[in-house]
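User: I am new to this structure and would like to go through its charged contacts. Could you show it to me, please?
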Amino acid sequence: MAARSSAPVSSTVAVTFPSETFPTSCSRATSFFSRFGDIARVDMTLASTAGRVLVTFFDMRAADQVLREMKGSAESFPPSSHDFTSIKIAASTFAQLPTAFT
């Protein structure tokens, strides 16, 4: 069995762009990253000082895809306290959960 990492899992990635391809607005960044999955948040506060965009996805698999496809310019970013993971299950499955399920 493979060892599991103790690092917190994050759905946020930090991406550094070359100046000629840097998205100049949140809408352009959202348009670029939406091909990977549904976006929860785009943070461009590091844009002017570090040339980086932080993107949080609803699904961690989208963040993993960004890390794979943009290797060298993307890195995982520590999760924030307000980040979350949600799942979608059928109502019939939910109805079968024990009452003590939390």
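User: Is R52 buried or exposed?
Analyst: R52 counts as buried, at 17% relative accessibility. Buried means under 20% relative accessible area, exposed over 50%, and partly exposed in between, with a 1.4 Å probe and protein chains only. This is a predicted model, in which local features need pLDDT of at least 70, side-chain atom pairs count only at pLDDT 80 or more, and totals for chains, interfaces and linings use all residues. Residues are numbered from 1 along each chain as its sequence is written, and side-chain values use heavy atoms, with hydrogens and water left out.

User: Which residue forms a salt bridge with R52?
Analyst: E75 does, and the closest N and O atoms are 2.3 Å apart. A salt bridge is a side-chain nitrogen of Lys or Arg within 4 Å of a carboxyl oxygen of Asp or Glu.

User: How many salt bridges does the structure hold?
Analyst: It holds three. One of them pairs E69 with R35, with the closest N and O atoms 3.6 Å apart. E69 belongs to helix α3 (residues 60-69), while R35 is in the loop between α1 (26-33) and β2 (39-43), 34 residues apart.

User: And what about R61?
Analyst: R61 forms a salt bridge with D59, at 2.6 Å between the closest N and O atoms. R61 is exposed at 64% relative accessibility, whereas D59 is partly exposed at 29%.

How values were computed. Helices (H or I, at least four residues) and strands (E, at least two) are DSSP runs, numbered from the N terminus.
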